[in-house]
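Please keep the sequence and the 3D view at hand while reading.

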Amino acid sequence: MERFDCVVIGAGPGGRAVAPVLAGAGWRVAVVEAELVGGECPYWACIPSKTLLRPGDLRSEARRAPGVGEPSLDWDAVRDYRDYMVSGLDDASKAQALEARGVVLVRGEARVAEPGLVVVGERELRCREIVIASGSRAVVPELHGLQRGRVWTSREVTTLREVPGSAIVVGAGPVGIECAQYLAELGSTVTLMGRSPRLLRREDPEVSEHVFDLLRAHGVEVRTRAAVAAVTHDDAGAQVRTDDGGLHHSERLVVATGRAPRVEGLEGAGVTLDERGAIAVDERCRAAEGIWAVGDVTGVAPFTHVASYQGRVAVANLLGGDARADYRAIPRVVFGSPEVAAVGLTAARAEEAGIATESAHLPLRDADRAEIYGTDLAGGVGLRVDRDRGVVVGAWAVGPHAGEWIHTAALAVKAELPVAVLRDFVPQFPTFDELWSQAARAL
Ligand SMILES: Cc1cc2nc3c(=O)[nH]c(=O)nc-3n(C[C@H](O)[C@H](O)[C@H](O)COP(=O)(O)OP(=O)(O)OC[C@H]3O[C@@H](n4cnc5c(N)ncnc54)[C@H](O)[C@@H]3O)c2cc1C
Ligand SMILES: NC(=O)c1ccc[n+]([C@@H]2O[C@H](COP(=O)([O-])OP(=O)(O)OC[C@H]3O[C@@H](n4cnc5c(N)ncnc54)[C@H](O)[C@@H]3O)[C@@H](O)[C@H]2O)c1
């Protein structure tokens with residue numbers, strides 16, 4: 001029996017935001033990791049996908065810039081750089097960094113036997129507090145004929161060794177959209193299928209339209225309202241039948257139909273699971289007496305920045321503070337080319353919450369910066385204001401580096417900035433950020 005003040009389950013972005021800080025505060029801390037220290041993000045998610053998107057992004061910018069032309073693309077070099085960025089799927093340096101900060105790393109699958117007791121193989125770890133940061137995994141739908149081993153999920157499509165000649169991507173969320181774009185830019189013939197009437201269905205409809213256009217501009221064939229009914233595998237690839245009777249064939253089938261929290265073996269913690277199987281937490285990230293949960297496993301918002309934030313909130317509370325998570329201004333970026341970013345309330349969310357809002361929408365070309373990038377730059381912004389309080393409550397932006405300049409709007413949402421302040425704000429000319437004050441004036 002080994003004794004700790006805290007055992008953290010999972011060494012992804014959530015667990016890594018907790019364990020070293022508690023150890024630094026003098027706690028005896030263990031982290032249990034079943035796979036790689038670092039979790040999903042550095043090896044099979046954020047980092048490889050953004051690295052694989054970068055060449056296509058550059059190429060489309062170059063194509064548009066007058067006088068520049070089409071750069072070549074060398075897949076072997078792109079792949080080598082991706083391999084470098086994912087550290088060759090080797091977690092030695094991240095493991096060392098954890099241990100150097102005083103954390104005991106336990107390799108293996110953790111099981112919570114009861115609150116205060118975590119079991120890993122033969123080892124029993126007794127502790128006062130448990131932090132569950134076990135993340136999520138890709139969901140593969142049970143479709144007639146679909147064989148799990150023969151389809152790609154986000155793990156295979158981010159670690160691909162060769163670019164398939166053709167690919168069908170099922171699922172029109174962030175994972176499907178990002179990989180459809182980079183596969184197409186790397187030379188694959190790509191069809192993206194989503195069962196909803198629009199792409200990125202949780203965002204405002206204007207955002208979905210921009211995403212549709214951007215994917216088409218990258219040569220992706222987009223099919224909405226296309227629910228996959230059955231799949232057949234053969235030597236040449238996969239044949240997909242949609243419920244409208246359509247038949248589609250491709251060398252690779254990529255499944256990007258969402259993620260499920262990883263909660264197997266954690267039943268002994270006595271936590272409550274919500275309707276999606278995620279661990280229910282309060283605003284302090286507490287799940288039950290002596291049990292905390294952070295990151296994707298909470299189902300709040302599956303992003304690395306949210307996992308780290310919840311980790312910081314949990315740590316502050318574990319160390320005797322009273323921190324409460326505020327999710328109103330979490331940026332949501334899809335790293336297409338151009339980038340698609342949003343924050344705060346959409347029209348639908350505002351209506352659900354009973355908040356009367358009004359919004360202004362501007363095309364990107366209203367910023368002089370846009371024309372410098374080329375005459376046909378697609379994109380735009382939307383700014384949403386609470387009509388009664390006159391403060392900014394939501395925004396979206398589609399354009400080059402929108403994932404950077406969305407933060408102006410995100411800060412406005414976080415600070416409940418009066419729209420009058422944004423109207424009077426003077427941004428640098430010529431920048432995309434000018435669009436926010438223009439939108440405020442349009443309101
Ligand atoms: C393709 C893709 C691209 C993405 N891109 C972005 C992006 O650009 N930006 C962004 O913010 N987010 C992105 N995300 C989401 C991001 O990867 C996750 O939100 C983030 O990794 C969640 O961190 P986490 O610590 O909660 O979980 P994870 O990263 O999943 O880590 C959990 C860890 O816990 C371990 N574990 C689970 N169960 C046990 C157990 N019983 N015992 C021991 N160990 C266990 C796992 O092995 C894993 O290492 C992307 C996701 C995908 C799939
Ligand atoms: N840039 C980023 O920050 C980034 C990138 C990738 C992923 N992520 C995170 O990971 C999470 C998961 O992303 P995701 O794209 O896997 O999931 P998602 O839940 O966002 O989207 C899945 C899509 O698949 C569709 N779908 C589900 N079952 C289907 C079926 N049988 N046939 C056809 N379509 C089907 C859904 O309607 C939905 O549109 C995201 O919510 C996001 O927070 C973030």
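## A strand pair and its turn

In strand E22, Val-391 is the bridge partner of Asp-386. Strands here are DSSP runs labelled E of at least two residues, helices are runs of H or I of at least four, and both are numbered from the N terminus. E21 and E22 (residues 391-399) pair in the antiparallel sense over seven bridges; two strands count as paired if DSSP finds at least two bridges between them. Their hairpin has four residues between the strands, and Gly-390 there takes a positive phi near 65 degrees.

## Basis of the model

The model is predicted: local features need pLDDT of at least 70 and side-chain atom pairs count only at pLDDT 80 or more, while totals for chains, interfaces and linings use all residues. Residues are numbered from 1 along each chain as its sequence is written, and chains are lettered from A and ligands numbered from 1 in the order in which they are written.

Strand E20 (residues 357-363) is joined to E21 by seven bridges, and the two run antiparallel. Within E21, Val-381 is the bridge partner of Leu-362.

Strand E21 (residues 380-386) is mostly covered, with six of its seven residues buried. Buried means that 20 or more other C-beta atoms, placed from the backbone, lie within 10 Å of the residue's own.

## The surroundings of ligand 2

Ligand 2 is surrounded by 25 residues, and Gly-171 and Thr-257 are among the closest. A residue is near the ligand if its C-beta atom, placed from the backbone, lies within 6 Å of it. Helix H7 gives the largest share of this shell, four residues.

How values were computed. Buried ≥ 20, exposed ≤ 12 C-beta atoms within 10 Å, placed from the backbone.
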